[in-house]
Amino acid sequence: MTLKSPKLMEARRAAGILESALRGHAGDLTLADASAKSGLPLRDAESGLHLLVSEYHGHLKATSEGELLFRFPHGFTRPWETRTRLQRALGAVLRGAAGVARFVVRAWIAIVLIAYVVIFVGILIAQMFARSSSDSRDHGGFSGSFAGYFLFRMVFDAIFWTFHPFSPFVWTADPPWSSSYDRRGAFGQAHGRPRDETPFYEKVNRFFFGPTPAPRDPLEDEKLILAEIRAQRGRIGLADVMRVTGLPRDEADPLMARLMLDYDGTVDVSEEGGIVYRFEAIRRTTAEAPPRAPAPVWAKREELPPLTGNGAGANALIVVLNGFNLLMSLFALGAHLTLDNLGLLARGVPMAALPPAGTAVALGVVPLVFSLALFALPLGRALLRPLKRRRLARRNARRAVLRAILTRVGARQGREPITEAVLQRAWQDAAGEAPRSEEITREVVALGGDVDLEAGEGIRYRFPDLETEAKALEAEREAASEEEARAGKVIFSSDA
């Protein structure tokens with residue numbers, strides 16, 4: 001009689017059965033507990049439990065007997081999703097508002113920085129010719145109006161072809177007298193430095209909204225973890241995940257539960273309770289060189305981006321243009337330059353003879369409000385920079401503390417122990433200021449640390465989970481076979 005190989009249940013279906021059977025359970029449970037309560041075979045209960053750990057932010061523990069304990073502190077609910085949904089809704093609103101604002105700014109470039117500048121310059125030129133004309137009202141008015149229109153078109157065409165994003169003569173921040181300007185021509189390179197070809201409208205967007213951040217790969221953490229798995233002979237622990245991603249422990253734990261399902265991983269528990277995540281299948285490769293481990297997260301310090309990312313020349317020009325529109329809008333309000341009065345002005349009526357009636361909306365209120373708003377955007381971002389700088393400093397400080405702990409956990413004799421002074425020094429070196437005592441305590445507790453009561457003078461910390469994990473990983477990696485990484489001998493090829 002031949003026995004059929006057992007058929008594995010889909011992990012999603014097994015998780016649904018476990019969720020119904022374990023609802024209301026509090027505390028830790030073993031794989032056998034879950035199997036007995038649900039009636040699932042051990043193999044199916046294991047895959048379902050790992051999926052539930054990933055979905056409900058559960059936790060894994062290991063006993064001295066090598067048994068895994070599963071715990072669901074939130075039960076089978078997602079209390080964080082309420083916060084996440086609110087954050088997503090707020091983020092969507094903010095992104096929508098930013099998109100509208102960016103559209104308005106792009107439109108405002110065409111309206112304010114080009115059209116309004118041209119209109120106001122045209123009005124000034126027309127008034128200059130009106131004052132200098134000594135002809136009669138009819139003849140002089142026509143001549144002055146024609147001359148004003150001609151100069152208006154000249155200025156408009158010059159500015160259009162200077163600032164138009166598709167123009168071959170796009171203006172840059174480097175004037176002809178600067179060292180970066182090519183004396184051989186405007187389209188070459190001088191002194192080995194490339195010409196700045198950023199469109200003017202993009203520089204305006206940078207001035208008001210700041211540099212556009214580079215898009216982040218949504219799978220970046222997974223890629224880093226997989227690279228670490230391959231570099232560490234298919235065996236990693238939570239400390240490795242935190243080292244390459246910077247994720248806190250409570251986020252790294254459920255992430256690894258999901259990756260085990262996605263990449264055929266398993267969990268090994270040492271006799272001392274150290275948890276090792278094993279991924280043998282992901283090691284196979286045709287490359288001859290050994291895989292390179294990704295750099296730790298603290299290798300690259302996060303820096304505050306520049307306020308605008310533009311050169312001084314571009315920022316100065318934007319300030320001058322927007323300031324010019326602001327001043328001219330105040331002048332238009334004071335002179336009652338309504339559309340009707342603008343028509344009278346075009347027919348040669350002097351500025352002093354315009355009727356003082358009505359409010360200049362198109363030439364006064366609109367450019368005044370938007371010019372003030374556009375000046376307020378970079379000013380507001382400048383005022384928020386100290387807050388963002390402190391936030392980045394704390395993030396860099398937490399990574400420095402993580403480095404101080406992970407490089408000393410499980411270290412052999414002769415290495416500096418993990419003391420409060422060591423962690424405070426790491427924080428201060430990264431943040432530029434001394435930490436509060438509760439900040440160090442928070443980081444130690446998040447990594448599973450305890451105060452070493454057997455230490456001598458001063459406060460020393462121990463991290464039992466990370467220490468047992470480090471020992472278990474060392475033993476597992478030494479025992480890992482290189483055959484796991486080999487793709488095997490080719491026995492068939494379609495091009496043979």
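Reader: Where in α12 is the kink of about 40 degrees?
Author: The α12 kink is at Leu384, shortly before the proline Pro386. Bend here is the angle between axes fitted to the seven residues ending at a residue and the seven starting there. Helices are DSSP runs of H or I with at least four residues, numbered from the N terminus.

Reader: What source and numbering?
Author: This is a predicted model, where local features need pLDDT of at least 70, side-chain atom pairs count only at pLDDT 80 or more, and totals for chains, interfaces and linings use all residues. Residues are numbered from 1 along each chain as its sequence is written, and side-chain values use heavy atoms, with hydrogens and water left out.

Reader: What span should α12 have?
Author: At 1.5 Å a residue, its 46 residues should span 68 Å, and the end C-alpha atoms are 64 Å apart, which agrees. The expected span is 1.5 Å times one less than the number of residues.

Reader: Switching to the largest pocket: how much space lies in it?
Author: About 2000 Å³. A pocket is an open set of points on a 1 Å grid over the protein atoms alone, with protein on both sides within 12 Å along at least five of seven lines; a cavity is a set where a 1.4 Å probe fits but cannot get out, and lining residues have an atom within 4 Å of a point. Grid points are joined across faces, edges and corners, and volume is the space filled by probe spheres set on them.

Reader: Which residues are closest to the pocket's centre?
Author: Of 47 lining residues, Arg216, Glu302, Leu392, Arg395 and Arg399.

Reader: Which element gives the most to that lining?
Author: α12, with 12 residues.

Reader: And the largest cavity, what volume?
Author: About 50 Å³. Leu22, His25, Gly27, Leu29, Phe72 and Phe76 line the cavity.

Reader: What is the mean pLDDT of the chain?
Author: 78, with 75% of residues at 70 or more; pLDDT is the predictor's confidence in each residue, from 0 to 100.

Conventions: Helix = DSSP H or I, 4+ residues; strand = E, 2+ residues; numbered from the N terminus.
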